[in-house]
Amino acid sequence: MLKINFRMIILILVLIYPNSVLALLGKKNIDIVEWKCPVPRFTDMNLKLNNVVELIGDGQLILLLPPTKMDLWTQGTVKSYEDVRYSSAMAVINQPVDVVGRRILSIDGALKALPQLKKIEPIAMNDHHLMVKFYQEYDLGAFALKSLFYWQYTADANGDLCALLHKGDVDAGVSRMEFIPVSENQTLLVMTHWQDLSTASFFYRLMINSNPETKFTLLPIAASAVVQSFKELFSTESEKEHVKPLYKGKQDIPLFSTKPELKDTLYKLAQIGTPTFLHPPQKYDDHGIEKNLQFATGVQVYPASFSTAKPYIWDIKSMPEYFTQFDEVKEKIREDNDKEIFIKAKYGVGLMKLTLNLSFDYVVNNDHVVYFQNPKGDVLVLGAEELVEVESESNGPNTIQIYTAGSLIGEDAPWLVKYLERSLPQVDLMRNVGLALMRVEQQLPWMIEKLNEEKVLISKGN
């Protein structure tokens with residue numbers, strides 16, 4: 001496998017910045033440390049690269065890994081962390097691996113790709129390490145969120161680039177970036193990271209405590225946003241100007257059950273962690289106004305046959321049991337045996353709670369696929385849910401849950417929702433990745449409990 005000489009790139013990073021190397025080495029306010037990167041490598045996950053690339057297509061794969069223990073240098077000492085969940089995001093870039101590495105790691109490339117970075121300043125260099133100071137700012141209109149970070153970049157012996165947080169809005173953070181050659185002119189860019197959100201600022205901790213789902217959605221969304229920004233950095237002008245197809249109906253919702261040849265790869269990914277796919281945006285005609293519509297797909301696997309898992313997964317009335325945001329869910333059976341679903345949901349930060357009223361048409365296409373859409377409401381949500389059975393040699397029959405949804409903010413949405421929609425960067429990505437991931441992650445523990453209860457009943461002969 002091709003490897004990038006990151007020690008050389010680290011030297012180039014310093015040389016291209018308008019300061020002398022001696023001046024950089026003279027700044028001792030933050031000391032470089034020797035450390036070992038604990039972040040797992042996607043390269044080591046024993047997956048068929050071509051199948052993964054085909055599943056990703058022109059979009060992204062985001063992978064939320066299960067809890068694990070980690071030892072990490074933190075604030076001058078090695079600290080042990082329990083229940084660490086790494087988040088990976090990856091995309092295919094149509095450029096050679098050495099070109100991708102050089103451009104992403106250049107200061108000019110980073111500033112162009114990530115507009116929230118206002119300034120990048122290398123401050124120290126030592127062998128295969130580089131210390132960098134980042135000035136970050138999110139402009140939210142009425143106010144700005146400003147942050148200062150010190151990250152140490154270390155060239156790993158295997159060709160990866162790892163990063164260790166020394167100072168920032170949280171006490172600890174770590175990441176790994178992999179540049180995997182797919183072909184001579186294609187690269188799979190993979191970013192895997194973790195941050196200690198429990199030590200975040202008061203505002204972020206308030207948001208996390210008020211919305212429990214953010215504990216597992218924030219870091220995957222952050223990884224996805226960074227990878228998407230870098231992917232767009234390499235987009236040609238013709239690709240940027242390409243006319244996106246107009247969404248005309250449910251036939252334009254991306255489905256995975258139509259690709260049986262990729263079923264095993266999807267199953268293996270779901271065994272490793274919780275996969276979420278981000279699809280390229282389409283155009284949507286919202287009452288004469290053309291808007292971007294972007295779908296995301298959350299995937300989960302359950303150790304049960306299709307016939308056992310299906311009644312629980314598609315039990316709409318039980319959703320408030322695992323969606324704490326849902327106050328009420330009602331369903332009405334129509335004459336055509338389809339359903340109309342009514343949901344009252346609450347979201348917010350601290351004392352600011354927003355009530356969203358959603359009404360869905362729920363159409364059963366066949367035994368394995370249902371479509372849903374709310375034709376009106378505060379938020380437009382439409383998509384499909386698929387169930388696919390896969391046979392495992394060691395675990396017997398398993399059921400893959402595939403939930404795909406896209407969303408748009410309606411004209412009658414609460415003012416705070418519309419304000420954040422205008423102010424936040426990559427808001428479509430944030431909203432839809434969070435929606436898809438939240439659906440399958442929050443249902444997982446509830447499903448496991450129900451399946452275990454089913455096993456007990458069967459063992460008792462009931």
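## Contacts, burial and a pocket

Visitor: Leaving aside its neighbours within four places in sequence, with which residues is Thr217 in contact?

Guide: This is a predicted model, in which local features need pLDDT of at least 70 and side-chain atom pairs count only at pLDDT 80 or more, while totals for chains, interfaces and linings use all residues. Residues are numbered from 1 along each chain as its sequence is written, and side-chain values use heavy atoms, with hydrogens and water left out. Contact means heavy atoms within 4.5 Å. With neighbours up to four places away in sequence set aside, Thr217 is in contact with Gly434 and Leu437.

Visitor: What separation is found between the C-alpha atoms of Thr217 and Ala436?

Guide: Thr217 belongs to helix H7, where helices (H or I, at least four residues) and strands (E, at least two) are DSSP runs numbered from the N terminus. Along the chain, Thr217 and Ala436 are 219 residues apart.

Visitor: Is Thr217 buried or exposed?

Guide: The classes rest on relative accessible area: under 20% is buried, over 50% exposed, and in between partly exposed (1.4 Å probe, protein chains only). Thr217 has a value of 6%, so it counts as buried.

Visitor: What is the relative accessible area of Thr276?

Guide: Thr276 lies in strand E11. Not counting residues up to four places away in sequence, Thr276 touches Gln60, Leu61, Ile62, Thr297, Gly298, Val433, Ala436 and Leu437. Thr276 is classed as buried because its relative accessible area is 0%.

Visitor: Which residues of H3 are buried?

Guide: The cover over the buried part of H3 includes strand E1 (60-64), E4, strand E9 (173-183), strand E10 (186-195), helix H9 (263-272) and E11. Just after H3, Gly57 takes a positive phi of about 60°. The buried residues of H3 itself are Asn51, Val52, Val53, Leu55 and Ile56.

Visitor: Which residues are the closest to the centre of the second largest pocket?

Guide: On a 1 Å grid over the protein atoms alone, a pocket is an open set of points where a 1.4 Å probe fits, with protein on both sides within 12 Å along at least five of seven lines, and lining residues have an atom within 4 Å of a point. About 1200 Å³ of space lies in the second largest pocket, the volume being the space filled by probe spheres set on points joined across faces, edges and corners. Of its 41 lining residues, the closest to the centre are Asp58, Gln228, Lys231, Pro280 and Pro281.

Visitor: Which elements give two or more residues to the lining of the second largest pocket?

Guide: The list contains both helices and strands. The elements are helix H3 (49-56), strand E4 (87-93), helix H7 (214-233), helix H8 (237-240), strand E11 (274-278) and helix H12 (427-459).

Visitor: What is the relative accessible area of Asp83, a residue other than glycine with positive phi?

Guide: Gln75 counts as partly exposed because its relative accessibility is 49%. Asp83 lies in strand E3, with phi near 55°. Asp83 counts as exposed because its relative accessible area is 60%.

Visitor: How many disulfides does a search of the whole structure find?

Guide: Cys37 counts as buried because its relative accessibility is 14%, and Cys162 because its value is 1%. A disulfide is a pair of cysteine sulfur atoms within 2.5 Å. For disulfides, the search of the whole structure gives a count of 0.
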